[in-house]
Amino acid sequence: MTILPSSSLLSLSQRKLIYPSSIFAYSTQIRFHLGFQIMNSTSKSEPKSVASSTVYQVPGPDSHEMDSIAEKTFERYSSKTVKRNGEGISIVWFRNDLRVLDNEALFKAWVSSEAVLPVYCIDPRLFGTTYYFGFPKTGALRAQFIIECLADLKKNLMKLGLNLLIQHGKPEDILPSLAKAFRAHTVYAHKETCSEELQVERLVTRGLRSVVLSHSQGNSTSSSSTHNPKLELIRGSTMYHLDDLPFSVSSLPDVYTQFRKSVEAKCAIRGCIRLPKSLGPPPIIDDWGRIPSIEQLGLHSERATKGMRFLGGETAALSRVTEYFWKKDLLKIYKETRNEMLGSDYSTKFSPWLASGSLSPRFIYEEVKRYEKERQANDSTYWVLFELIWRDYFRFLSIKYGNSIFHLGGPREVEQGWHQEQKLFESWRNGCTGYPLIDANMKELSATGFMSNRGRQIVCSFLVRDMGIDWRMGAEWFETCLLDYDPCSNYGNWTYGAGVGNDPREDRYFSIPKQAQTYDPEGEYVAYWLPELLTVPKDRRNFPGKSYIEQVVPLKFGNTNRHHNQSMARRTKFGGRQSGAQRR
């Protein structure tokens, strides 16, 4: 097997594309334990057919270069003027914000205290099962990605004079106990929007109320002799801040274009938070805990053996931005390549780091604006921001519509006659439908934890419209597998794809023949993931007849000359959910 840096995957990326959740998508050489050969190609073009045993690192730079990129970026975003004026100890509860740069919770904790205790809770509920169908809530590939994010966060905090306390258990048990032991006056954290995460926030708040500190403890200015630690939640996961929107969440437009035009015209994007170069000292702790192994999380180790392998952590995230924008200069052609499916450079691949909070969307915005100033501004540079606005939109919709985004009928309570036939679903999940374009995408998802946005739309349409299967089965399987899973994007997009989303116009059918002809005309993508098709003539790879397995269902619209398919469909950004409270 050959492992290539992502820089060698570019030829296919010079065609054309159309979208996002691919806008956003583990591994650096020192992390490889399997002894694969790593090829140091830096070519900006790739062969037309890629060896089926090739693994591509994302990002491509080696560990030394990535550390250098991160250090320079942290230097640019440091502040020499910010002053500390607090007392006592504050806690930072890291959740889906596994970064240092532009982390307002970390900043506020530092400003308001004399010492900061960063904490990450390994919540067993994240490794339970999904709500309706009992799939693993977090698959092994995403768990490994999160492990690497934690290791990198700990490293970067230590460079700033802090550390990361790793605790196994529920936040509502751990945080009140720590607040009591360290007499912490405040727990700072980023606020989430979906029911499971909101329930945890309520339980933490309740637990902190049971902790009683004397007036001389903590940072209270209260006149009473005792007080309780408080939970201060900060919204920091979107490019546009919720408080800056020109309408209330309850009045959020149900059509994306109306939302986008309004925020672009009336809202400003806040600048990134700048931290001092030193955040220490931390409290004195004998045992900071260890980053868990995949086995300690109850999972079995999995490694991508072909396709893309993503390295978790903020250092890798910042390196990917530098690589894609500045080193390879691909931002200027993003809009033309974003709809491809094969390779590492047809889109930004930022989504796994955005989902884990290792990468700030406001930092991406500032880098885009810097690129436009120093190099060029065009439709492609704007389109990256266009995709980030989609991501914001889905998060805000999850606040407006609550648990209905998890319900069968969606926000509009649409009634459809879906079924839950297990054998048929398994053919889709395992990539054995008899349709190479579907099967290749599903095998890529299982092998790497990633799928192009174009692929996500196609497999969703096939499951829901051609197979007639309950869309929630597909959404929960994505929840298991995706590296870039976050609940708002994943379930928001599945409701759109199933025709039950908040916008009644978003009810599209993706014709497999048309999609194959447009986005994989020579069958390169399907042959990469289905090597048995390599010997089939290129123009027949997507419909190889008896040279491939039997088709499990007929297509709803199978004729390539029919105009029922609406392949020019709007760019939904499939992504996922990172934990979940129950969806009722």
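A residue counts as buried under 20% relative accessible area, as exposed over 50%, and as partly exposed in between (1.4 Å probe, protein chains only). This is a predicted model, in which local features need pLDDT of at least 70 and side-chain atom pairs count only at pLDDT 80 or more, while totals for chains, interfaces and linings use all residues. Residues are numbered from 1 along each chain as its sequence is written, and side-chain values use heavy atoms, with hydrogens and water left out.

Q: Is Glu413 buried or exposed?
A: Glu413 sits in the loop between helix H11 (379–401) and helix H12 (422–429). Its phi is positive, near 55°, although Glu413 is not a glycine. The relative accessible area of Glu413 is 65%, which is over 50%, so the residue is exposed.

Q: What is the relative accessible area of Lys349?
A: Lys349 also has a positive phi, about 60°, and is not a glycine. The loop that holds Lys349 runs between helix H8 (334–337) and helix H9 (351–356). Lys349 counts as buried because its relative accessible area is 0%.

Q: How many helices and strands does the chain have?
A: Helices (H or I, at least four residues) and strands (E, at least two) are DSSP runs, numbered from the N terminus. Counted in this way, the chain has 18 helices and 11 strands.

Q: What share of the residues of the chain counts as buried?
A: The accessible surface, from the Shrake-Rupley method with a 1.4 Å probe, is about 21700 Å² for the chain. Carbon and sulfur atoms account for 49% of that surface. Among the 584 residues of the chain, the buried share is 64%.

Q: How far does helix H1 reach from its first C-alpha to its last?
A: H1 covers residues 63–76, which is 14 residues. Its expected span is 1.5 Å times one less than its number of residues, and this comes to 20 Å. The reach in the model is close to that value, at 20 Å.

Q: What arc do the buried residues of H1 cover around the axis?
A: The buried residues of H1 are Met66, Ile69, Ala70 and Thr73. They lie on the same side of H1 because the arc, taken from the directions from the helix axis to the C-beta atoms, is only 95°. An α-helix has 3.6 residues a turn, so residues three or four places apart point the same way.

Q: Which residue has a side-chain oxygen within 3.3 Å of the backbone nitrogen of His64?
A: The pair is found at the start of H1. The loop between strand E3 (54–58) and H1 holds Pro59, and the peptide bond from Val58 to Pro59 is cis, with omega near 0°. The side-chain oxygen that reaches the backbone nitrogen of His64 belongs to Asp62.

Q: Which helices do the buried residues of H17 pack against?
A: Helix H17 (residues 512–519) has Ile512, Pro513, Gln515, Ala516 and Tyr519 as buried residues. These residues fall within an arc of 165° seen down the axis, so they line one face of the helix. They pack against helix H13 (436–448) and helix H14 (453–466).

Q: What is the C-alpha to C-alpha separation of Leu275 and Glu75?
A: Leu275 is in the loop between helix H6 (256–266) and strand E11 (307–310), and it is buried because its relative accessibility is 6%. Leaving aside neighbours within four places in sequence, its contacts are Tyr77, Ser78, Ser79, Val100, Leu106 and Phe107. Leu275 and Glu75 are 200 residues apart in sequence, but their C-alpha atoms are separated by 9.6 Å.

Q: How many disulfides does the whole structure have?
A: Cys149 is buried because its relative accessibility is 0%, whereas Cys432, at 35%, is partly exposed. A disulfide is a pair of cysteine sulfur atoms within 2.5 Å. Searching the whole structure for disulfides gives a count of 0.

How values were computed
Contact means heavy atoms within 4.5 Å. A polar contact is a pair of N or O atoms within 3.5 Å; within protein, one must be able to donate a hydrogen and the other to accept it, and residues adjacent in sequence count only if both atoms are side-chain atoms.
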